[in-house]
2 protein chains.
Amino acid sequence: MLRTAHIAKSARQMRCGSWYGALTGLRASGSHPYRFITSQTATKISTTAKRLGLEDVNPLVLDAKYAVRGPIPQRAEELKLQIEQKPGSLPFDRIINANIGNPQQLDQRPLTFYRQVLSLLQNPEAITKVPESTLLQLYSPDAVHRAQKLLAQAGGSVGAYSHSQGVRGFRETVADFITQRDGEPASADDIFLTGGASAAVTNILSVLCKGPESGVLIPIPQYPLYTATLALNNSTALPYYLDEKSGWSTDPEQIEEIVQQAISSGVKPTCLVVINPGNPTGAILTPDSIEGILGIAAKYGIVVIADEVYQENVFDNVEFFSMKKVLRVLQKTKPGQFDNVQLASLHSTSKGVSGECGQRGGYMELVGFSDELRQVFLKLASISLCSVVTGQALVTLMVNPPKKGEFSFEQDQRERNAIASALNERATKLHSMFESLEGISCQKPQGAMYLFPKLELPKKALDKARELGCTPDEFYCKELLEATGICTVPGSGFGQVAGTHHLRTTFLAPGTDWISSWEKFHRDFYDTYRD
Amino acid sequence: MLRTAHIAKSARQMRCGSWYGALTGLRASGSHPYRFITSQTATKISTTAKRLGLEDVNPLVLDAKYAVRGPIPQRAEELKLQIEQKPGSLPFDRIINANIGNPQQLDQRPLTFYRQVLSLLQNPEAITKVPESTLLQLYSPDAVHRAQKLLAQAGGSVGAYSHSQGVRGFRETVADFITQRDGEPASADDIFLTGGASAAVTNILSVLCKGPESGVLIPIPQYPLYTATLALNNSTALPYYLDEKSGWSTDPEQIEEIVQQAISSGVKPTCLVVINPGNPTGAILTPDSIEGILGIAAKYGIVVIADEVYQENVFDNVEFFSMKKVLRVLQKTKPGQFDNVQLASLHSTSKGVSGECGQRGGYMELVGFSDELRQVFLKLASISLCSVVTGQALVTLMVNPPKKGEFSFEQDQRERNAIASALNERATKLHSMFESLEGISCQKPQGAMYLFPKLELPKKALDKARELGCTPDEFYCKELLEATGICTVPGSGFGQVAGTHHLRTTFLAPGTDWISSWEKFHRDFYDTYRD
């Protein structure tokens, strides 16, 4: 009989001999019998080695930095605990986690249709065992229908490992979405369902980076996952700067110069990371900029990693063009010039109006890769078996939400629009606040979930920061946290032009009171440190 | 206004200039307008580089092998497709996936209580918005109560990123389980909730391996995740052999010799992997063996990685002793000799009677590590944000199932016992079959989900394998697959003493017909190849 964790032990365990007494003696009495146990090896132990210290740790891991969960967010955790344990001991009664794009931590409600389907995927018995009239008190009919379809695609249970690339039927749904979005065909064979976009980035960079001789072009400022993953892979980051004055635009000529410099110094540029819409900048690339980037990719054989996880987070005075769409147009309009481009495009259920960060859903589309290379990506994915199957299902819901005429369509649209409006309202309000204040300026938001304002800090503040041994933007963010409970991330965590100072804040936190309290803090800070 | 993927575009997109025509022209007509688009960089493109080939791939990734999803399982996928597309074209009508411990792929039903709780976590509105009498037609009252508790611990939504170590309240539940299991205290600070045990292995080896100068002791045969992860980390595997004749026992003296050889050849043994209960062997370590292993860990300062994911899969003539329990006893009975031992113990929701592979739940407990080292593990975990929150919740259900007196207790026990009995029955039947046949022998199963029988292949079969360019065990497994649809993994994928041949099979597939068809295949194989 196979034993389970909570079924009483068999009497036959007595067979285990001398150890049995010591082990169960302890268990039964709860105190220590100090019984000596003989064993062959025991006598050999004369010295014991010291425990591991930081000097024993992989230096690549030690060096990796990830500011989004760095010292300021860690201090915020301490303050959160203090609020719980000693209410009233701080000048604020809650922490505003504006450091991370985590909408549901900040009371954003999940979309009802998504959750009804996921609920049924976990408990499919409800569909067959409960009368329909009862079932429909909890679930909309189209959610029931969708859950049945997804379950059939997944082979009957979300508890089984899927294909390492993800459930085939789910990948077909993703391919249909891309086909419709771009007006260009996509194939399920090229889709990898991944545990969020982060897992995809790890996969790509592991396959394509060989060590210090491999270079990866990274926008500055950037989402620090990229530099952290490169640090872990011991490969070379090749930073290219986004131009703040022109709305954080990308300059292909600058990128080409960096490529040439890298080549002449013995580093092979392997990948070019583009975050569009931008994190932390919120900027959106124009088709011209994308063409420039793809031109460099074609000329130098560089793989483009298009981090397009914010493709739904686009304000309505701009248009998002997917990298693949532009690539396909170029391949037709300029025959032969772009045929060799290899592109990995990433998407995620964590962002957009979905905001389902904890569900770990995402996908990567490989475009233009040879089959033998795709097999390498697949092998690497197979070592970690598969991504969470409910997260895979959620990806299909994100790319194929209820359609007009379906039962849940109107409610789903209402919920989406409400989330989008609230985000828009707060982004605008926050941006106006920054623009109205002394010593802070901010590019107009175009998309994503972030603002990345620039701080012009007075000399006294710079001196104070130096005295405290931190960077000026760290100093500002720390003071902001301690005074208001608003947790942000210093620009230094993302990279910035030397001598400039920024911070990244989300505009996800509900209400606008926190924006007012930030405004008050900023005025007080300047009153204290004005030269 | 923030725009979502499925809301019509604004007229203002016209601003995008020349690109707008080309892009929307394509979209509207579905055909290609062949419109030339000017851009600064376009003129620069004179040559295009070649696409990447295998020579451009990280050789560490190329070299990594993972046989559980290797060529034989891949051939099984092809055959599965053939059965769908041309029913009746093969001598069998389904594939038996005995290559991977994936119970729910093979019709094992999930435990009802788990799934009810997970279903409510996805749709908590049901609890507040539906009359109790309706709710209780779908959910047991203790499932409702548990879901409420877990949701409160998770901060209200499973859609938010959790702490990178996992939800604190969930970790406390895991610590309580370990405390009860071992009769020794455990702390939530030492628990990391991970996406299955595989993610934990990647985390530990990334932190502790620096390159070829770091050695990791790996049992042979082993679960190939370990060699694959070491290959990716460019670190050195130090194989130690399990002794088949004595039921795949572990010999600490042999391990110590390997440690000394490694040190004298300039490799520092950093970690020692123990898989208990064994995969693929199904063997269970005695406390004496564990003491021997811990003695070496203490003497040489080696971290023990205790892969204990099969701790629930234990047949009732043996006892499972956790590595930590034995360590704590030794620390009390032999003061000073084991104080420095550092241990990482892994568990998973994929195995046991849970079998929830697709949900990606697991935990790692760090024992004896310094706080500064634990911070490094945390930083690395934070780069991938957090493991899936529903998987984290499932870990708490696994370690804290319904208790006696609770509503779901009896049904839960019935379900657990039924799964355990069925596994036991098939393990016994499969083992008897192997023992009754010519040219195959198998150690008596003690636990886990696998048998690892030894094949004594006749010379003609060895010659045939050589002729086909595969190893003899690959040849047997291929022939078995092509004749019966039973998919297994050759012993060469796990490592084996040179000149011996094995295969790994799970005993998860339902029914016993497939066992009879294997028996018939084996007799035919020997009739064909007998010398």
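**Figure 1. A cluster of aromatic rings in chain A.** In this predicted model, ring pairs join Phe475(A), Tyr476(A), Phe521(A), Phe525(A), Tyr526(A) and Tyr529(A) into a cluster.

**Figure 2. A tilted ring pair, Phe315(A) and Phe507(A).** How many aromatic pairs does the structure hold over all chains? There are 28. One of them is formed by Phe315(A) and Phe507(A), and this pair is tilted, with 6.2 Å from centre to centre and 55° between the planes. Its two partners come from distant parts of the chain, 192 residues apart. Phe315(A) belongs to strand β8 (residues 314-315), while Phe507(A) sits in the loop between β16 (501-506) and α19 of chain A. Are these two residues buried or exposed? Both Phe315(A) and Phe507(A) are buried.

Figure 3. Tyr476(B) is part of helix α18 (residues 472-484) and Phe521(B) is part of helix α19 (residues 513-529), so the pair ties together parts of chain B that lie 45 residues apart in sequence. Tyr476(B) counts as buried because its relative accessibility is 0%. Phe521(B) is buried too, with a relative accessible area of 8%.

**Figure 4. Ser516(A) and Leu430(A), apart in sequence.** Look for Ser516(A) in helix α19 (residues 513-529) of chain A. How many residues separate Ser516(A) from Leu430(A) in sequence? The answer is 86, and in space the two are 9.1 Å apart, C-alpha to C-alpha. Why does Ser516(A) count as partly exposed? Its relative accessibility is 41%, and the partly exposed class lies between under 20% for buried and over 50% for exposed.

**Figure 5. Helix α10 of chain A and the residue after it.** Which residues of helix α10 (residues 225-233) are buried? They are Leu225(A), Tyr226(A), Ala228(A), Thr229(A) and Leu230(A). Following the helix comes Asn234(A), which has a positive phi, near 60°.

Figure 6. To pick out Glu257(A), follow helix α11 (residues 252-264) of chain A. Glu257(A) counts as partly exposed because its relative accessibility is 48%.

Definitions and conventions
Residues numbered from 1 in each chain as written. Chains lettered and ligands numbered in written order. Predicted model: local features only at pLDDT ≥ 70, side-chain atom pairs only at ≥ 80, totals over all residues. Heavy atoms only, no water. Helix = DSSP H or I, 4+ residues; strand = E, 2+ residues; numbered from the N terminus. Buried < 20%, exposed > 50% of the residue type's maximum accessible area, 1.4 Å probe, protein only. Phe/Tyr/Trp six-rings, centres within 6.5 Å; stacked < 30°, edge-to-face > 60°.
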